[in-house]
Amino acid sequence: MYDRMLIAVDGSDEAERAAKRGLEFARGFDATVDITYVVDRKSLRLATAAEKARLRERGESVLEEIEELASAIGQPVTMELTEGKPAVRIAEYATERDATLIVVGRQGTTGLGKRLLGGVTERLLHRSDVPVFVVPKGASDATTDYSDLLVPADGSETAAGAARHGAAVAQRYGSTVHVLNVVDLQAAGGAFSAGGLEREFVDRLEANGEDIVEDVATELDETIPAVTTAVVGTPSNDGVAAGIREYVDENDIDLVVMGARGRSNLGRRVLGSVTSTLLRTTDVPVLVVTRSSS
């Protein structure tokens with residue numbers, strides 16, 4: 001499924017950690033790897049000639065460091081320094097190189113050293129036509145262990161597409177796939193009753209969740225050796241992302257594979273915000289499958 005990967009770096013510790021993960025992931029899939037560093041055009045516009053030269057030299061230096069990492073693990077790579085708006089240029093470059101997966105860190109820095117709260121990553125997720133493998137700052141150094149993989153399921157086409165990507169990873173790494181549906185009881189309560197939910201209605205929500213995870217599990221059972229399912233309620237008023245995060249922590253999940261957009265049990269389009277929240281708060285990598293890439 002992933003025969004050509006694009007790893008975007010920016011000189012930050014987060015990007016270097018993501019590059020290491022991406023290089024090892026590429027080895028697992030026997031994929032061709034392109035590495036790119038985007039010099040922010042906004043930074044170039046504000047810089048003197050000497051500063052522009054330093055910005056480009058820094059980019060070249062970062063690429064050389066990543067090339068050394070790749071050489072150390074025996075992964076051939078192609079390097080390119082390019083210019084533009086980082087998120088836009090990364091998405092464009094992925095298209096130009098026919099990439100089937102983009103690998104980035106959750107946080108990074110611009111050419112002028114300004115700290116971003118995942119801004120480039122989040123904008124990339126809105127633009128990318130291919131899945132994006134996001135490695136957070138707190139991810140462990142273990143780069144080849146994907147024993148337990150989580151696929152959140154909400155019944156949407158995008159979530160179903162994410163499950164197919166999860167199956168591809170599981171086949172490579174012999175993973176157990178956890179299929180999870182989180183019932184957002186707080187949202188249901190707000191929609192239907194200020195005084196709380198009837199047990200019968202909660203039972204229907206949970207039964208719907210069971211149907212969703214069983215449908216996904218049935219499809220996955222044909223392609224991978226181990227599948228487990230779960231339906232849980234949200235642990236607090238923090239919503240679906242909190243339920244996913246708690247499951248990740250309790251079950252030692254190594255990778256989350258999920259859609260960028262979808263629908264909740266109540267039919268509301270919420271998975272985009274769930275994905276965004278999870279990306280900001282989890283310490284495990286998340287492989288985000290966009291609607292166009294599912």
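Is Lys20 buried, partly exposed or exposed? In this predicted model, Lys20 has a relative accessible area of 39% and is therefore partly exposed. The side chain of Lys20 meets that of Glu16 in a salt bridge, at 3.8 Å from N to O. Glu16 is also partly exposed, at 31%. Both residues belong to helix α1 (residues 13–29), where a spacing of 4 residues puts about one helical turn between them.

A search of the whole structure finds 8 salt bridges. Arg4 pairs with Asp34, their closest N and O atoms lying 2.7 Å apart. This pair links distant parts of the chain: Arg4 sits in strand β1 (residues 4–9) and Asp34 in strand β2 (residues 32–40), 30 residues apart. Asp34 counts as buried because its relative accessibility is 0%. Arg4, at 22%, counts as partly exposed.

Asp34 also forms a salt bridge with Arg97 (3.0 Å, N to O). Arg97 lies in the loop between α4 (86–96) and β4 (101–105), 63 residues from Asp34. Through shared partners, salt bridges join Arg4, Asp34 and Arg97 into one network. Arg97 is partly exposed, with 26% relative accessibility.

Helix α8 comes next. Its 23 residues should span 33 Å at 1.5 Å a residue, and the 32 Å between its end C-alpha atoms agrees. Buried residues in α8 include Phe201, Leu205, Ile212, Val216 and Leu220. A surface patch of negative charge gathers Glu210, Asp211, Glu214, Asp215, Glu219, Asp221 and Glu222. Glu222 lies in the loop between α8 (199–221) and β10 (226–233). At 69% relative accessibility, Glu222 counts as exposed.

Methods. Residues numbered from 1 in each chain as written. Predicted model: local features only at pLDDT ≥ 70, side-chain atom pairs only at ≥ 80, totals over all residues. Heavy atoms only, no water. Patch = residues over 30% accessible without salt bridge, like charges linked within 9 Å, V, L, I, M, F, W, Y side chains within 5 Å. Areas by Shrake-Rupley, 256 points an atom, 1.4 Å probe, with all protein chains shown as cover. Salt bridge = Lys/Arg side-chain N within 4 Å of Asp/Glu carboxyl O. Lys, Arg positive; Asp, Glu negative; His and termini not counted. Charge placed at Lys NZ, Arg CZ, Asp CG, Glu CD. Helix = DSSP H or I, 4+ residues; strand = E, 2+ residues; numbered from the N terminus. Buried < 20%, exposed > 50% of the residue type's maximum accessible area, 1.4 Å probe, protein only. Expected span 1.5 Å × (residues − 1).
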